2 protein chains.
Amino acid sequence: MTDTPPEAPAQTAVGFIGLGIMGASMAGHIQAAGYALHVHNRSPEKARALLDAGATWHDSIPGLARACDMIVTMVGYPADVEQVYFGAAGAPDTGILANLKPGAVAIDMTTSSPGLAERIAATAAGRGAAALDAPVSGGDMGARNATLAIMVGGDQATFDRVLPVFQAMGKAIALMGPAGAGQHTKMVNQTVIAGTIQGVAEALAYAQVAGLDQRQVLDVIGGGAAGGFQLNVLGKRMVEGDFAPGFYVHHFLKDMGIAAAEAERMGLDLPALALARRQYQRFADEGGREDGTQGLYKMVVKG
Amino acid sequence: MTDTPPEAPAQTAVGFIGLGIMGASMAGHIQAAGYALHVHNRSPEKARALLDAGATWHDSIPGLARACDMIVTMVGYPADVEQVYFGAAGAPDTGILANLKPGAVAIDMTTSSPGLAERIAATAAGRGAAALDAPVSGGDMGARNATLAIMVGGDQATFDRVLPVFQAMGKAIALMGPAGAGQHTKMVNQTVIAGTIQGVAEALAYAQVAGLDQRQVLDVIGGGAAGGFQLNVLGKRMVEGDFAPGFYVHHFLKDMGIAAAEAERMGLDLPALALARRQYQRFADEGGREDGTQGLYKMVVKG
């Protein structure tokens, strides 16, 4: 849809802000694809491997923004996205948007609010630049293996331009609609999971209390109408007592909070999502914040 | 575990009671495997094809029971199972158990209560016979294609004896433990589904209200952490507006009622299961009884 071909990687400066577990892997893939990588992170030590491989460090977000043609952000919460894009309170010049080059593209891959994505896109457009919301699913493993699903909101021309960068990080990559549509799609994904993980945790607690061999139960029901990733992968971890985080409880709570707020705004009553939020909040309050989402099983079993 | 080899099919009289959509297919597979099939059903016309293929009709349950080495039942509700096995109120002689031949096996494949399965097994043993509970999953399609999962409760020797009959009807066949364990396993399966189908219905309602292309959403999220039978098969039917029953709402309500009662008896709090029961009861009350379980979507969308 755009007349200009995708930029040649070596001539394209791609900034990356937010080098957490997932971000560091994703930035590494962009670098490996040949792009000139620029990085900024709250904890500079997490940039070390990328800098050793030739990335350029920036002490500040404005410095990075002014140097880059594309800027990818992968931070924690919507409040972090707000600050990274719009600057610290009372200091808009410290954010990405005030320093975006004309024609540049900012791409937020954090799971964040659709409304915030719309505001970012509108502000970027007002500066003659563009923005995409592009949350992912697939977790740290998907980030490491460049097999993420990437759900994108924005316009077709910008999507086409950024597609080669997405292809360095993921497999299922889809433009879902205008600004915010990527975030909405991620909320759909998380809402399915909210119901499913509760069903899996409750069912395996039932199996345990009924005296069944839980592994044998997984074998016999995993291929049928109950089967899926949550049962077959996370259910297995529940029965093995492996509660290490693939996906953190506190991140899931953030996502469900966004989905619930959006549903309410749209006038939609989603009781299973609401129940999952209450259950996970209780689990977090009881010490489960840093567990993987499969940890809910422990709370259901002990009642 | 048993010293006697499995009976030769042609010398083994297998009775089948309950020729509904699933039962008729299952009985047909037993007949096709070479067993001498005996049938009884509340509506005799449903036996026509089996009788044409050589099955023996019995006007009464006692008549069938006295003629058979193995008796399979596939009826509707636990109350039906109770009556078929223990006879009409005040008339125990009209049930299977009072008429079971010594050495015979009664196999209840209805999804029913674990406690009732234990009572049937104890009563059968008291008569020098045996019983298995063997509910299935896989629906009418699994029954038709002989690909059912069969979850069995009972003793190993009886299981081994009946296994060739199960193999005529299903694929994943497992002895899960003593009497009642087959029913408990089915309850685990239904509890997973209860949470999952709610998540799927709420998520696709969100997608619709947010203005996303639901088919594209299914494509992008169906292969990831939200993916599974409920999303990929029933979610697809939701977005296509296909609410025809693969699995009836009123049967799902029966199953969830049993699971909830068992959970309560075991002192287990299962809030997502409880929510699904309330939601499906409301949907049934509003006219959804004869819909497939994916019909819940309609109720979530309209709020």
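## A buried alanine in each chain

A146(B) is buried, with a relative accessible area of 13%. In this predicted model, A146(B) sits in the loop that runs between α6 (139-144) and β8 (148-153) of chain B. Its backbone deserves attention: phi of A146(B) is near 55°, a positive value in a residue other than glycine. As background, most residues other than glycine have a negative phi.

Chain A shows a counterpart. A146(A) lies in the loop between α6 (139-144) and β8 of chain A, and A146(A) has a positive phi of about 55° although it is not a glycine. A146(A) is likewise buried, at a relative accessible area of 13%.

β8(A) has pairing partners in β7 and β9 of chain A. With strand β7 (residues 136-137) of chain A, the pairing is antiparallel and runs over 2 bridges; here V136(A) has I150(A) as its bridge partner.

## Strand β5 of chain A

Strand β5 (residues 105-108) of chain A is also covered on both faces, with V105(A) and I107(A) buried on one side and A106(A) and D108(A) buried on the other. Strand β4 (residues 70-73) of chain A pairs with β5(A) in the parallel sense over 4 bridges. Within this pairing, the bridge partner of V72(A) is I107(A).

## The interface between the chains

How many residues of each chain are in contact across the interface? In chain A there are 55 residues in contact with 55 residues of chain B. The size of an interface is often given as the accessible area lost when the parts come together. For chain A and chain B this buried area is about 4,400 Å², and carbon and sulfur atoms give 73% of it. The count of salt bridges between chain A and chain B is 0, whereas 12 residue pairs are in polar contact across the interface.

On the side of chain A that touches chain B, the elements giving two or more residues include β8 (148-153), β9 (170-177), α8 (181-209) and α11 (249-265) of chain A. The most is given by α8(A), with 20 residues. By class, this side of chain A has 38 nonpolar, 14 polar and 3 charged residues.

T191(B) belongs to helix α8 (residues 181-209) of chain B and counts as buried at 1% relative accessibility. A polar atom of the T191(B) side chain lies 2.8 Å from the backbone oxygen of M187(B). Leaving aside residues up to four places away in sequence, T191(B) touches G199(A), E202(A) and A203(A) of chain A, together with A259(B) and L273(B) of chain B.

R161(B) is found in helix α7 (residues 156-169) of chain B. R161(B) is buried, with a relative accessible area of 18%, and its side chain reaches the backbone oxygen of G103(B) at 2.9 Å. The C-alpha atoms of R161(B) and M70(B) are separated by 9.9 Å, while the two residues are 91 residues apart along the chain.

## Salt bridges

Side chains of opposite charge can pair when their charged atoms come close. Over all chains the count comes to 22 salt bridges. One of them links R48(A) to D52(A), with the closest N and O atoms 3.5 Å apart. Both residues lie in helix α2 (residues 48-52) of chain A, 4 residues apart, about one turn of the helix. D52(A) counts as exposed, at 59% relative accessibility.

In chain B, K298(B) forms a salt bridge with D291(B), the closest N and O atoms being 2.7 Å apart. K298(B) is partly exposed at 32% relative accessibility, whereas D291(B) is buried at a relative accessible area of 15%. In chain A, salt bridges with shared partners join R282(A), E286(A) and K302(A) into one network.

Terms used: Residues are numbered from 1 along each chain as its sequence is written. Chains are lettered from A and ligands numbered from 1 in the order in which they are written. This is a predicted model: local features need pLDDT of at least 70, side-chain atom pairs count only at pLDDT 80 or more; totals for chains, interfaces and linings use all residues. Side-chain values use heavy atoms; hydrogens and water are left out. Contact means heavy atoms within 4.5 Å. Buried area is the accessible area (1.4 Å probe) that two parts lose on being put together, summed over both. A salt bridge is a side-chain nitrogen of Lys or Arg within 4 Å of a carboxyl oxygen of Asp or Glu. A polar contact is a pair of N or O atoms within 3.5 Å; within protein, one must be able to donate a hydrogen and the other to accept it, and residues adjacent in sequence count only if both atoms are side-chain atoms. Ala, Val, Leu, Ile, Met, Phe, Trp, Tyr, Cys and Pro count as nonpolar, Asp, Glu, Lys and Arg as charged, and the others, Gly among them, as polar. Two strands pair if DSSP finds at least two bridges between them. Buried means under 20% relative accessible area, exposed over 50%, partly exposed in between (1.4 Å probe, protein chains only).
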